[in-house]
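Here is a friendly walk through one protein chain and its ligand. Have the structure open beside you as you read.

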Amino acid sequence: MAKSLKSIRGMHDVLPEDSPRWQAFEAIIRRLMTAYAYSEIRTPIVESTDLFCRSIGEVTDIVEKEMYTFEDRNGDLLTLRPEGTASCVRSGIQHGILHNQIRRLWYMGPMFRHERPQKGRYRQFQQLGVETFGIADADVDAELIIISARLWRELGLKDLRLELNTLGSAESRARYREVLVEYLETHRDQLDEDSLRRVYKNPLRVLDSKNPEMAGLISNAPDLHDYLDEESVEHFENLKVYLDAAGIDYIINPRLVRGLDYYCKTVFEWVTDSLGAQGTVCAGGRYDGLVEQLGGKASPAAGFAIGMERLLALMEETGVAFQETPIDIYLLPRASSDIERGLKLAESLRDALPELKIQMHCGGGSNKSQMKKADKSGAEMVLFVSDEEPDRVAIKYLREDREQQFVDQDAVVSFLQKK
Ligand code: ATP
Ligand code: MG
């Protein structure tokens, strides 16, 4: 027998039983983004590798070891997108929709990272990304956090905590960098391999290390907040005032630096303790320098991304359920000679009552097996079409103890409307 084919490790099918949860989740997201007047942007899944190297940063986990990069038939170096912000900025610059404009954008789709697959960590995963351009003030940082908080409410999720930090401006980061490098140099012997490589290339990233053996060193490191410039402090204070006004609780975490190069000022994460090590369901912040860095006219920007699998897992964990809407009508032509009338009736019902979910019985079978299928469909009622009643249909209730009923063919729509 031929070897059976399987999906790629860390990349999963969403089976029909699972897709109602995704659809319901996505519907909530679409409604929410519309309610906040954000517009959807859709960008290609493949981009030139250069885009991610220049935006995410050469010395990051993503670029160093997680990207799916390949040469296409022309010899061009391409990468399956590991995140959406870079593509969003690339597209915005390319089409001139960022310069001197305010944009509120969102997108949803698969991202690809070659990580070690485990619970909450996949090689293909789904992100919702929300990005704003052209607003430098902290009010929009607050708006982004308020959006995410509303999403948790609409999904019925309670045990998420907001961790907040500021990285300061590029200038204050540069000042802090010097102090941090000095500190790391004096503790070289305690640095792991990754961190040694990062001391000069990207020392802030050392603070982001997940290695428990580095925890002590990290917690004793100089505090970035001591080096913040006035403007960054004011920005951060404003954000806190706005969040307080919105009734959103937060914890200041001075060690929160985020894994990507492009963040400045505000950074935040929504974290849960219910998902083990993969507890961050949403992460974001401000990235004022990125548009210019990628060749556009400078534009302030801020955004966040949500890991949708982790959120769905959290909903399962906390018992929030999404269910597929049941079938309303199982339309059953009794014999093959009834199929034409059955198909026509089904179409006229779908024309008149588009909100109904109608399943047509296909594939014939004995009376017994037909009824079995009708019952298994979960439908409320069966509508029989049969030669024996050429001008009427018979209605049988599957979930209620009621007599079979006959309705004239012309009156079926109004009968169902009344139901
Ligand atoms: P982590 O620290 O968990 O690796 P990250 O900092 O790499 O996360 P981001 O690039 O900020 O993650 O992506 C935003 C969100 O996308 C994360 O908070 C997480 O919920 C989700 N996410 C990131 N990588 C994965 C993955 N491999 N599988 C599933 N979800 C992911
Ligand atoms: Mg990661």
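## Rings, charges and a ligand

Searching the whole structure turns up four aromatic pairs. Among them is the pair of Tyr176 and Tyr227, which is tilted, with 5.7 Å centre to centre and 50° between the planes. These two tyrosines link distant parts of the chain: Tyr176 belongs to helix α6 (residues 170-186), while Tyr227 is in the loop between α9 (215-219) and α10 (230-245), 51 residues apart. Please keep in mind that this is a predicted model.

Phe268 is in strand β9 (residues 264-271) and Phe304 is in strand β11 (residues 301-307), so the pair ties together parts that are 36 residues apart in sequence. Phe268 counts as buried because its relative accessibility is 1%, and Phe304 counts as buried because its value is 2%.

Rings also meet charges here. Arg392 places its charged end over the ring of Phe406, 4.3 Å from the ring centre. In a second case, the charged end of Arg402 sits over the ring of Tyr397, at 4.0 Å from its centre.

What does the domain assignment give for the chain? It gives domain 1 (19-169 + 229-317) and domain 2 (329-418). Between the C-alpha centres of domain 1 and domain 2 there are 48 Å.

Now to the ligand. Around ligand 1 there are 16 residues, of which Arg113, Glu115, Arg121, Arg258 and Thr280 come nearest.

| Residue | Polar atom in the residue | Distance to an oxygen atom of ligand 1 |
|---|---|---|
| Gln127 | side-chain | 3.0 Å |
| Thr280 | backbone | 2.8 Å |
| Arg310 | side-chain | 3.2 Å |

On its own, ligand 1 has 590 Å² of accessible area, and the protein covers 90% of this. Strands also come into the picture: β6 (124-133), β10 (280-286) and β11 each supply at least two residues of the shell around ligand 1. Which of them gives the most to that shell? The answer is β10, with four residues.

Terms used: Residues numbered from 1 in each chain as written. Chains lettered and ligands numbered in written order. Predicted model: local features only at pLDDT ≥ 70, side-chain atom pairs only at ≥ 80, totals over all residues. Heavy atoms only, no water. Phe/Tyr/Trp six-rings, centres within 6.5 Å; stacked < 30°, edge-to-face > 60°. Buried < 20%, exposed > 50% of the residue type's maximum accessible area, 1.4 Å probe, protein only. Lys NZ or Arg CZ within 6 Å of the ring centre and 35° of its normal. Domains from an automatic or database assignment. Near = heavy atom within 4 Å. Polar contact = N/O pair within 3.5 Å; in protein donor to acceptor, adjacent residues only side chain to side chain. Areas by Shrake-Rupley, 256 points an atom, 1.4 Å probe, with all protein chains shown as cover.
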